[in-house]
Amino acid sequence: MLRNGFEPWHLLVVLAVIILLFGSKKLPDMARGLGKSMRILKAETKALREDDAPAAGTTVPADGTAQSTATEQPRPAVTPTTVTTAAEATKTTDKA
């Protein structure tokens, strides 16, 4: 029954139905939107591939772990600070 698949007249019928449903004025807008979506998808997949690739300045040894070749900057030490809330402040003044 479906040995031959689609024949050219099948495609013409499908095209005619699409034009009747959406109209000839909306088809270029739909095609434009589809093209923009495809460009966005292509850019996002390219960005994901670049994220997976090793960054510049890193080397990948045989065991697969990345090591940075650039010297890392030391981070400044953070001194802990005590934060007193208003409720704690009133408790200390009530006791005095």
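Biologist: In what orientation do α1 and α2 lie to each other?

Modeller: This is a predicted model, where local features need pLDDT of at least 70, side-chain atom pairs need 80 or more, and totals for chains, interfaces and linings use all residues. Residues are numbered from 1 along each chain as its sequence is written, and side-chain values use heavy atoms, without hydrogens and water. Angles run from 0 to 180 degrees between N-to-C directions of axes fitted to C-alpha atoms, for helices over the stretch in contact. Under 35 degrees counts as roughly parallel, over 145 as roughly antiparallel, 65 to 115 as roughly perpendicular and the rest as oblique. The axes of α1 and α2 (residues 26-52) cross at roughly 105° and come within 9 Å, so the two helices are roughly perpendicular.

Biologist: Which residues of α1 and α2 meet?

Modeller: Contact means heavy atoms within 4.5 Å. From α1 come I18, I19 and F22; from α2, K26, L27 and M30. Five of these contact residues are nonpolar, none polar and one charged (Ala, Val, Leu, Ile, Met, Phe, Trp, Tyr, Cys and Pro are nonpolar, Asp, Glu, Lys and Arg charged, the others, Gly among them, polar).

Biologist: What follows just after α1?

Modeller: G23, with a positive phi of about 85°.

Biologist: What pattern does the protein follow along the sequence?

Modeller: The order is α-α-β-β-α (DSSP runs from the N terminus: helices H or I, at least four residues; strands E, at least two). That comes to three helices and two strands.
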